[in-house]
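Please open the model in your viewer and follow the stops below in order, selecting each set of residues as it is named.

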Protein chains: 2
Amino acid sequence: MLISNLPTLAAGSFEPDQVVTMLLAFAALLGTARLLGELARLCKQPAILGEILAGVLLGPTIFGAMFPAGYEFLFPKDGPVVYAIESLVTLSAILLLLIAGLEVELSTVWRQGKRALSVATVSMVLPFAVGFGLAWWAPYWMGYVAGSDIDHGKLPFALFIGIALSITALPVIAKILLDMGLAKSELGTVVISAAMLNDLIGWMGFAIVLAMIAPNTAIDPTDTAHLSIGKTIGMTLLFIALVLTAGAWLFNRIIPLIQAYGSWPGAMLGFVIVTALLGAAYTEYIGIHSIFGAFIVGIGIGNCRHLREKVRRTTHDFIGNIFAPLFFASIGLRVNFIEAFDLQLVLVVLAVAIITKLLGGYLGAVWVGMGRRESGAVGMAMCARGAMEIILGQLALDAGLIDQSLFVAIVFMALVTSLISGPGIEKMLARRQPRKLRDYLYEKQVILDMRASTPREAIRELAAVAAQTLDMDYDMIDRAVWAREQIVPTGIGREVAVPHARLPKLSAPTLILGRSFSGIDFNSPDGEEAQIICLLLTAEHDATSQLDLLSLITRSFNDPIVRRDIMRAESFTAILAAVNTNESVPENEGH
Amino acid sequence: MLISNLPTLAAGSFEPDQVVTMLLAFAALLGTARLLGELARLCKQPAILGEILAGVLLGPTIFGAMFPAGYEFLFPKDGPVVYAIESLVTLSAILLLLIAGLEVELSTVWRQGKRALSVATVSMVLPFAVGFGLAWWAPYWMGYVAGSDIDHGKLPFALFIGIALSITALPVIAKILLDMGLAKSELGTVVISAAMLNDLIGWMGFAIVLAMIAPNTAIDPTDTAHLSIGKTIGMTLLFIALVLTAGAWLFNRIIPLIQAYGSWPGAMLGFVIVTALLGAAYTEYIGIHSIFGAFIVGIGIGNCRHLREKVRRTTHDFIGNIFAPLFFASIGLRVNFIEAFDLQLVLVVLAVAIITKLLGGYLGAVWVGMGRRESGAVGMAMCARGAMEIILGQLALDAGLIDQSLFVAIVFMALVTSLISGPGIEKMLARRQPRKLRDYLYEKQVILDMRASTPREAIRELAAVAAQTLDMDYDMIDRAVWAREQIVPTGIGREVAVPHARLPKLSAPTLILGRSFSGIDFNSPDGEEAQIICLLLTAEHDATSQLDLLSLITRSFNDPIVRRDIMRAESFTAILAAVNTNESVPENEGH
């Protein structure tokens, strides 16, 4: 039998032990990143903080320094495993930028028009000017190392510093505003539109910087001529223009066809990812980084008015939860964060980044007539950096444009600004993040099987638990709740009752949840006996909490699946899971 | 500044041109696989057929033979790109087996108990015995090449042949039964439980074969001693037992905690994938293939009673639609399907595979008292091979257990049996696959903007289109529908009306859909005027179609989003998309 000598994907390109190492490396990166990301989230911090920390832990900074042998086993210096990790990280970055692009809604930007433009412009120009100026006139202050092998000249370096300081992290700020219930408010849309413009302009600028320093290794299958800088910049602008015009036109024609005739959502997922890969290959080919192409393709597809929400959500669910953590954890493998930590540099970068962006956002908002408190909130919001700066920094590091110390300073800056942005907005607007029902559920405040068979007994049983939890007088609670119950019964239907009262001297709203398998007649409008009884106690001076919590309870327990799962739950944890898996919006977790 | 000499993930391990090649190779594999998979689906064939064909097209068989230079550019013989493709394919196979494992519901197997056991046993023993016998007594008939460098001796070879012939493809058969509405029927649960048992036993057997031929390269970080065959088999059985007992116990404790305290669904997705990677690393380490560990972990997690449906669905959506096509397309890169095609071998494998499995399933079902037609359907269902045989074959090829010709024969066998199984069951049960609403929508049968303002006019307008489409007499249709309408008005509420009639000499049920923006009063129970009017014509002798279609229409148009999208649609395609993206179950597309 004739076997051709064309290359085939053959066995043995990986040895079994290399497969083991590869799988363990992936598992370590993903597992640690998810774990620390979840811990960060539980501490009300963005997940990216934990994910980057995971890389620092696993990388040369901690694990490598403490167990060099184990580290070199898991992340070898060279060979197939390095290529396996590198290719997955590259792919992760491409997919991450794809979903970032999908979030850019050009139509929102147009609608906000003047205001978005003003905020975007002022909040970009100021950090850019200060960053560029400092890097130009005091380059050594900003970590510029002249004459070294990373030297590409001062101009691209200064341009990069300016750009790195002036991009707002769209995904981070969108997540923060969404969590605060501000995403659709006037403030929210202005900030998000301005951040989108920021992103778009910043990335184009960075593409130009990359073109300026490109090692001219762009390939051409027909001859070996390299692309000149001018040609690269021209082809980049042409690519952007084409994707956002002809591409958008084409997407608007193709996507309805795919959604009409293709399998759902598989065909669309495949189309989105293949198109992103092709865009990425193109921009890599012309000498700027692959992720830029994925970002532009993401914007083009995301603005197709026929694109269904489910495609966006499924890509988010998987890419945001699997590929993004892998990518952010890999950052820590690149640098020793302790050795490359330069306190002065970190402080300078941080100060410039915060002050210029805060001021820029504030002035831009005041300029178009927004109030002072609101303008302050805009400044705080625009301040948030995140994934974008870190990716930018990593590309610059890889390209030899900056050194490890400056990279570390940029990572710190991105993390710190992401951390302070949310609390900053809250402070400016004197507004708290709305809480979720799960935040009020504690094991000691749940009665798994109530003995009561009447409302009077139920209130006594719940009040006893409340008195113990709050260390308050039982009689006082019981009397207040029962008095309220006698005015209008608190059965709200769908087998739920919410007896409640306002108490003096209560520090925080308190919820006691009880289950009654026999049912208690709380006189519901629908005639159903209550099986889930929530005793709700709020402070006398607190005007809003009672209503907020009542609406949280109604919304959560409206879903029959949640009620069924709560009644079936064998433990407090299972009750919490029933509430949590219903309440959480499947969102990008703060990248 | 001190920079440590620990390895770091550095720039430059991939050259830009290698990144371009890698991205293009991924895009070509995924794009072609999805495209041909969708085409197969439109022809009512399983997607895997198109996906494997995509690899054959892109691989040495077609593209490589016609454009060797282009082929070697896209899929180079060696270097980083090979490792990138290999690692992604390995990862895809692991994730694919993970979701296959998640589908195995041990509880269903227990519930079907005796019947599942009987069908599973007889339908395994017969193909295994014949396959083993043929391979043992007539090895050269089955493609055994003694004395070559792929020679591991006759015993593992014969065992492999037996196993490869006796495994039923659980995902394929589950999909077929689901499509036919039989998944929850008695027949369906017996077949699915038997297939699960098949899978489980077959894979364990194959793990033992792998252990027998393992090149003893299992690694041990402390010393260089290799694992013996006995030790490998022992550790495999121990692993299975541990995952399905202690592991299952642990999953039942951990998963509720993750669902209660973690982000949703991100934390669960991460947990599932990390656990699968660890299981895969372990089985690779002990000398059997990595995907086996992912499969067992999938079974362990899938049987956790707390696992929520959404986790299963999201992993399916992404892995089934992205990683599975990548994996199946990569098959074609391994072999030249034309050069390695051996007609006699293909026919022998095919004949043995079909006859023994058909007979085995039939006898097993008759044995436990099922009817003859039903038993025939069980036989046809058990006949379906698919992904599993192909993965098995590929592992055997990589391990040097079989040669390319036998591998090609196995791929053919898997494809052909998958193709005939569905139609075979239909024939046995004299039952047609239930159709979907989109199958009745054609551009010429839609009126985008009706002029009618009364039911009488509307029926005239729709009947005119029907007369033209069906080439039938207009008056006859109009009179029949209007006569029916006068008995009871056909407004079904929610702005939908379904005037209908049965006609003599109609070959197939016909639907004419009209939109009325002004609304027509079809006397709906809810008092709303109809905006979507479906004229439904069925044959006089056809007792079931009218009810089936009415229920399809009611179900589809119940969703307010679908109605809104239909009314907003600018074209027929957009209407089809609105119906399609609502109707399609997000399922594993027939792997």
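**Domains of chain A**

Begin by colouring chain A according to its domain assignment, which gives domain 1 as 80-215 + 243-429 and domain 2 as 437-583. The centres of domain 1 of chain A and domain 2 of chain A, taken over C-alpha atoms, are separated by 44 Å.

**Confidence**

Because this is a predicted model, colour next by pLDDT, which averages 84 for chain A, with 92% of the residues scoring at least 70. Select residues 217-225 of chain A, where pLDDT stays under 50 and the model has 14 contacts beyond four places in sequence; then select residues 584-591 of chain A, where pLDDT also stays under 50 and the model has 32 such contacts. For the complex, the predictor gives an ipTM of 0.81 and a pTM of 0.82.

**Nonpolar cores**

Which residues have the most contacts inside the largest nonpolar core? They are Ile173(A) and Ile173(B), in a core of 356 residues. A second, separate core of 42 residues includes Leu437(A), Ala458(A), Leu513(A) and Ala577(A). Returning to Ile173(B), and leaving aside its neighbours within four places in sequence, display its contacts with Thr168(B), Val191(B), Ile192(B), Ala195(B), Ala381(B), Ala384(B) and Ser421(B).

**A helix pair in chain B**

Finally, select helix α1 (residues 16-42) and helix α13 (residues 309-334) of chain B, which pack with their axes 9 Å apart at an angle of about 100 degrees; α1(B) and α13(B) are therefore roughly perpendicular to each other. Where they meet, α1(B) contributes residues including Leu29(B), Leu30(B) and Ala33(B), while α13(B) contributes residues including Ile322(B), Leu326(B) and Phe328(B).

Technical notes
Residues numbered from 1 in each chain as written. Chains lettered and ligands numbered in written order. Predicted model: local features only at pLDDT ≥ 70, side-chain atom pairs only at ≥ 80, totals over all residues. Core = buried A, V, L, I, M, F, W, Y, C linked by C-beta atoms within 7 Å. Buried ≥ 20, exposed ≤ 12 C-beta atoms within 10 Å, placed from the backbone. Contact = placed C-beta atoms within 7 Å. Domains from an automatic or database assignment. pLDDT = per-residue confidence, 0-100. Axes fitted to C-alpha atoms, helices over the stretch in contact; angles between N-to-C directions. Helix = DSSP H or I, 4+ residues; strand = E, 2+ residues; numbered from the N terminus. Parallel < 35°, antiparallel > 145°, perpendicular 65-115°, else oblique.
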